[in-house]
Amino acid sequence: KIEAIIYDLDGVITDTAEYHFLAWKTLADELHIPFDRAFNEQLKGLSRIDSLNLILEQGSKSYTEKEKEQLAAKKNEHYQTLIRKISPDDLLPGVEAFMKEVKQAGIKTGLASASKNAQTVIQKLEITDLLDTVVDAAEVKRGKPDPEVFLTAAEQLGANPDNCIGIEDARSGVAAIKSAGMFAVGIGDRETLSRADWIIEDSSLLSLSLLKQKYD
Ligand code: BG6
Ligand code: MG
């Protein structure tokens, strides 16, 4: 029995993964640190500061904690400029229909995001009503791949993790779902998401009936 479906936000519900990439790219260019899409793959799902540390390791300079804080804030400014115009039109294909179908089927829904901007983004997307709980970076101590964010969402929903499904676009996110003891749906690249129980190429292929078949 599926008790709850817990969604990642960035790259699953809307394409803010692209905005995170662009914002990091701007910062890396300013610092003259090499940065491309292949490298960005491993940042997906990681907290802002964990991502920054990985990027800075690619350069030759060392930075104080204070400088790192300022750089993280700068990236966030770039990011917030990019998300300013987000609207319901930015929901990825098939996502809204799927989320509605899940709710109508009586399955609880949650969000498990590593982003401190998660509340802003879901408000702009106008999907607050489709989520029974929202857990974001502000609420958890350990970021993905630690399972804490998914386990916290399950707990808030009163659902047994064994009966939950997590949906992710990031390798670290799939790892978090699996460590939580949940069924993992991966959206994106088959190799990157190889640990997922069901992998689909893009969100338009989300289907509750197909998911039930895979889950059983
Ligand atoms: C995750 C993204 O959802 O949130 C990461 O996949 C991002 O790319 C992380 O670094 C933290 O986001 P924010 O908005 O708190 O900087
Ligand atoms: Mg994601």
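**Figure 1. Surroundings of Ala154 in the predicted model.** Once its neighbours within four places in sequence are set aside, Ala154 is in contact with Ala4, Ile6, Ala159, Pro161 and Cys164. Ala154 is also listed, together with Ile6, Leu111, Phe150 and Ala153, among the residues that have the most contacts inside the largest nonpolar core, a set of 60 residues. The largest share of this core comes from α1, which supplies seven residues.

**Figure 2. Asp8, a position annotated in UniProt as "active site".** The annotation comes from an unreviewed UniProt entry, which places the feature at Asp8 and Asp10. Asp8 is found in the loop that lies between β1 (4-7) and α1. Asp8 counts as buried because it has 30 C-beta neighbours inside 10 Å, where 20 or more are required. Leaving aside residues within four places in sequence, the contacts of Asp8 are Ala112, Ser113, Ile167, Glu168, Asp169 and Gly173.

**Figure 3. Asp10, the other position given by the UniProt record for this feature.** Asp10 is likewise found in the loop between β1 and α1, and it is buried because 24 other C-beta atoms lie within 10 Å. When neighbours within four places in sequence are left out, Asp10 is in contact with Thr16, Ala17, His20, Ser113 and Ser115.

**Figure 4. The shell of residues around ligand 1.** Of the 19 residues around ligand 1, those that come nearest are Asp10, Arg48, Ala114, Ser115 and Lys116. The elements that give two or more residues to this shell are α1 (16-30) and α3 (48-57). By residue class, the shell around ligand 1 divides into seven nonpolar, eight polar and four charged residues. Asp10, which is one of the nearest residues, is also one of the two positions that the unreviewed UniProt entry assigns to the "active site".

**Figure 5. The whole protein chain, as context for the close-up views.** The protein chain has nine helices and six strands, and its C-alpha trace spans about 50 × 35 × 30 Å along its principal axes. A compact globule of 216 residues would have a radius of gyration near 17 Å, and the 17 Å of the protein chain agrees with this. Of these 216 residues, 42% count as buried. Among contacts between residues at least 6 apart in sequence, 61% join residues that are at least 24 apart.

Key. Residues numbered from 1 in each chain as written. Chains lettered and ligands numbered in written order. Predicted model: local features only at pLDDT ≥ 70, side-chain atom pairs only at ≥ 80, totals over all residues. Helix = DSSP H or I, 4+ residues; strand = E, 2+ residues; numbered from the N terminus. Rg over C-alpha atoms; globule rule 2.2 N^0.38 Å. Buried ≥ 20, exposed ≤ 12 C-beta atoms within 10 Å, placed from the backbone. Contact = placed C-beta atoms within 7 Å. Near = placed C-beta within 6 Å. Nonpolar A, V, L, I, M, F, W, Y, C, P; charged D, E, K, R; others polar. Core = buried A, V, L, I, M, F, W, Y, C linked by C-beta atoms within 7 Å. UniProt positions renumbered as here; feature names shortened; annotations may be inferred.
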